[in-house]
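Here is a briefing on one chain, arranged by topic. Please look over the sequence and the model before reading on.

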Amino acid sequence: MIKTRQDFINKIHLIISILIVVPVSFVYGFNPNLQFDIHLNTVDEHNFFKAIMGLYLGFSILWILGLFKAQYLKLALITNLVFMLGLGFGRLISFTIDGTPSFWYVFGTFAEIFLGLYGLWVLISRNQYTTNT
């Protein structure tokens, strides 16, 4: 998995993402009101949140593959940065339109943007390194 300092630099944000996204996916899928002010009332609402859980778990599996299989690392990096920046910028739009959410959503927004930008930096750094050798 992580064998060198460079491996650590290239993959740490994937590990952090997995450690956060997997538990959050189960909260969204099975008990969203546990951590958030979300109360589902219809089967459709429950179905929507289970689908979000599946999407989060699917991306997490891809990131795990990127940790262990070199041929999946670039795909894991790209999907992680799109996932994180998509969430982060979507939340920034919500801040502008809907107002400031609870502390954990604000914290999550900055964490998502950080992880996405870190992934972009890793991807750019890896491409420069691989094209120069």
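## Helix packing at a glance

The model is predicted: local features need pLDDT of at least 70, side-chain atom pairs count only at pLDDT 80 or more, and totals for chains, interfaces and linings use all residues. Residues are numbered from 1 along each chain as its sequence is written, and side-chain values use heavy atoms, with hydrogens and water left out.

**Overall layout**

- The chain has four helices and zero strands. Helices (H or I, at least four residues) and strands (E, at least two) are DSSP runs, numbered from the N terminus.
- Read from the N terminus, the order of elements is α-α-α-α.
- The chain has 133 residues, and 36% of them count as buried. Buried means under 20% relative accessible area, exposed means over 50%, and partly exposed is in between (1.4 Å probe, protein chains only).
- Take the contacts with a separation of 6 or more: 64% of them join residues 24 or more positions apart. Contact means heavy atoms within 4.5 Å.

**α1 against α3**

- Two packed helices are described by the angle between their axes and the distance between the axes.
- Helix α1 covers residues 5-30 and helix α3 covers residues 70-98; they pack at about 55 degrees, with axes 11 Å apart. Axes are lines fitted to C-alpha atoms, for helices over the stretch in contact, and angles run from 0 to 180 degrees between N-to-C directions.
- The crossing of α1 and α3 is left-handed. That term applies if the near helix is turned anticlockwise from the far one by less than a right angle; clockwise would be right-handed.
- On the α1 side, the contact residues are Asn-10, Lys-11, His-13, Leu-14, Ser-17, Val-21 and Tyr-28. On the α3 side, they are Leu-73, Ala-76, Leu-77, Asn-80, Phe-83, Met-84 and Arg-91.
- By class, the contact of α1 with α3 holds eight nonpolar, four polar and two charged residues. Ala, Val, Leu, Ile, Met, Phe, Trp, Tyr, Cys and Pro count as nonpolar, Asp, Glu, Lys and Arg as charged, and the others, Gly among them, as polar.

**α2 and its partners**

- α1 and α2 have axes that come within 8 Å and cross at roughly 160 degrees. α1 is therefore roughly antiparallel to α2.
- The α1 and α2 crossing is left-handed. Its contact residues are 17 nonpolar, five polar and two charged.
- α2 and α3 have axes that come within 7 Å and cross at roughly 140 degrees. Their crossing is left-handed.
- Residues of α2 in the contact with α3 include Tyr-56, Phe-59, Trp-63 and Gly-66. Among those from α3 are Leu-73, Asn-80, Phe-83 and Met-84.
- The contact of α2 with α3 has 14 nonpolar, three polar and no charged residues.

**The core**

- In soluble globular proteins, nonpolar side chains tend to be buried together.
- The largest nonpolar core here has 25 residues. Such a core is a set of buried Ala, Val, Leu, Ile, Met, Phe, Trp, Tyr and Cys residues joined through side-chain atoms within 4.5 Å.
- Leu-14, Val-21, Trp-63, Leu-77, Phe-83 and Met-84 have the most contacts inside this core.
- α1, α2 (43-68), α3 and α4 each supply at least two of its residues.
- Val-21 touches Tyr-56, Ser-60, Trp-63, Phe-83 and Met-84, leaving out residues up to four places away in sequence.

**Polar residues to look up**

- Ser-17 lies in α1. Ser-17 counts as buried because its relative accessibility is 0%. With residues up to four places away in sequence left out, Ser-17 touches Val-22, Trp-63, Asn-80, Met-84 and Leu-115.
- Ser-102 sits in the loop between α3 and α4. At 41% relative accessibility, Ser-102 is partly exposed. Ser-102 and Phe-36 are 66 residues apart along the chain, with C-alpha atoms separated by 8.6 Å.
- Asn-127 belongs to α4. Asn-127 is partly exposed, at 30% relative accessibility. Asn-127 and Lys-74 are 53 residues apart in sequence and 9.6 Å apart, C-alpha to C-alpha.
- Gln-128 is in helix α4, residues 103-132. Its relative accessibility of 49% makes Gln-128 partly exposed.

Technical notes
Parallel < 35°, antiparallel > 145°, perpendicular 65-115°, else oblique.
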